[in-house]
Amino acid sequence: MSNVGHGTARQIIDSDGDAVDDASGHLKTITSNSLVPAEYDYISLAYSGDNLTGVTYKTGGSGGTTVATLTLAYSGSTLTSVTKT
């Protein structure tokens with residue numbers, strides 16, 4: 001069996017060679033993307049059967065403030081739309 005690497009966040013880099021931690025050693029959070037233009041540090045997923053039907057983005061952890069919600073709609077098992085609120 002081969003050895004599996006491990007280390008602190010300060011030693012881990014992303015595919016561009018950048019450290020994945022901030023200067024204090026905490027993992028960086030995603031600050032924005034095209035669907036959720038707000039900072040968040042927690043994501044909750046909702047399912048109906050095998051289909052992902054909702055994504056809730058929060059800041060302040062699981063009990064924090066919701067900054068965006070995505071609602072996913074399906075026709076059968078085909079994703080047909082994503083609505084942001």
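A contact here means heavy atoms within 4.5 Å. With that in hand, let's work through some exercises on this predicted model.

**Exercise 1. Which residues does N51 touch, leaving aside those up to four places away in sequence, and is N51 buried or exposed?**

Step 1: N51 sits in strand β2, which covers residues 51–59.

Step 2: Collect its contacts. Not counting residues up to four places away in sequence, N51 touches A46, Y74, G76 and S77.

Step 3: Check accessibility. The cut-off for buried is under 20% relative accessible area. N51 has a relative accessible area of 19%, so N51 is buried.

**Exercise 2. How do strands β1 and β2 pair, and how many residues lie between them?**

Step 1: Find the sense of pairing. Strand β1 spans residues 42–48, and its pairing with β2 is antiparallel, over seven bridges.

Step 2: Look at individual positions. Y42 has K58 in β2 as its bridge partner, while A46 stands opposite G54 in β2.

Step 3: Inspect the turn. Two residues separate the strands of this hairpin, and G49 in the turn has a positive phi of about 65°.

**Exercise 3. In what sense do β2 and β3 pair, and which residue in β3 is the bridge partner of G54?**

Step 1: Read the pairing. β2 and β3 are antiparallel, with six bridges.

Step 2: Follow G54 across. The bridge partner of G54 in β3 is T71. G54 also faces A46 on the other pairing, the one between β1 and β2.

Step 3: Turn to the connection. β2 and β3 form a hairpin with five residues between them, and G60 in that turn has a positive phi of about 95°.

**Exercise 4. How many aromatic pairs does the structure hold, and what is the geometry of the rings of Y40 and Y57?**

Step 1: Count. There is one aromatic pair.

Step 2: Classify it. The ring centres of Y40 and Y57 are 4.8 Å apart and the planes meet at 70°; planes over 60 degrees apart count as edge-to-face, so this pair is edge-to-face.

Step 3: Locate the partners. Y40 lies in the segment before β1 and Y57 in strand β2, so the pair ties together parts that are 17 residues apart in sequence.

Step 4: Y40 is buried at 6% relative accessible area, and Y57 is buried at 9%.

**Exercise 5. What does Y74 touch, and which backbone oxygen does its side chain reach?**

Step 1: List its contacts. Beyond four places in sequence, Y74 touches N51, L52, T53, L79 and T80.

Step 2: The side chain of Y74 reaches the backbone oxygen of L52 at 2.5 Å.

Step 3: Compare sequence with space. Y74 and N51 are 23 residues apart in sequence and 8.0 Å apart from C-alpha to C-alpha.

Step 4: Check accessibility. With a relative accessible area of 26%, Y74 is partly exposed.

**Exercise 6. Where does pLDDT stay under 50?**

Step 1: Begin with the chain. Its average pLDDT is 78, and 61% of the residues score at least 70.

Step 2: Find the stretch. pLDDT stays under 50 over residues 1–10, for which the model has 11 contacts beyond four places in sequence.

Step 3: Draw the conclusion. Where pLDDT is low, the predicted coordinates should not be read in detail.

Note on methods
Residues are numbered from 1 along each chain as its sequence is written. This is a predicted model: local features need pLDDT of at least 70, side-chain atom pairs count only at pLDDT 80 or more; totals for chains, interfaces and linings use all residues. Side-chain values use heavy atoms; hydrogens and water are left out. Two strands pair if DSSP finds at least two bridges between them. Helices (H or I, at least four residues) and strands (E, at least two) are DSSP runs, numbered from the N terminus. Rings of Phe, Tyr and Trp (its six-membered ring) pair if their centres lie within 6.5 Å; planes under 30 degrees apart count as stacked, over 60 as edge-to-face and the rest as tilted. Buried means under 20% relative accessible area, exposed over 50%, partly exposed in between (1.4 Å probe, protein chains only). A polar contact is a pair of N or O atoms within 3.5 Å; within protein, one must be able to donate a hydrogen and the other to accept it, and residues adjacent in sequence count only if both atoms are side-chain atoms. pLDDT is the predictor's confidence in each residue, from 0 to 100.
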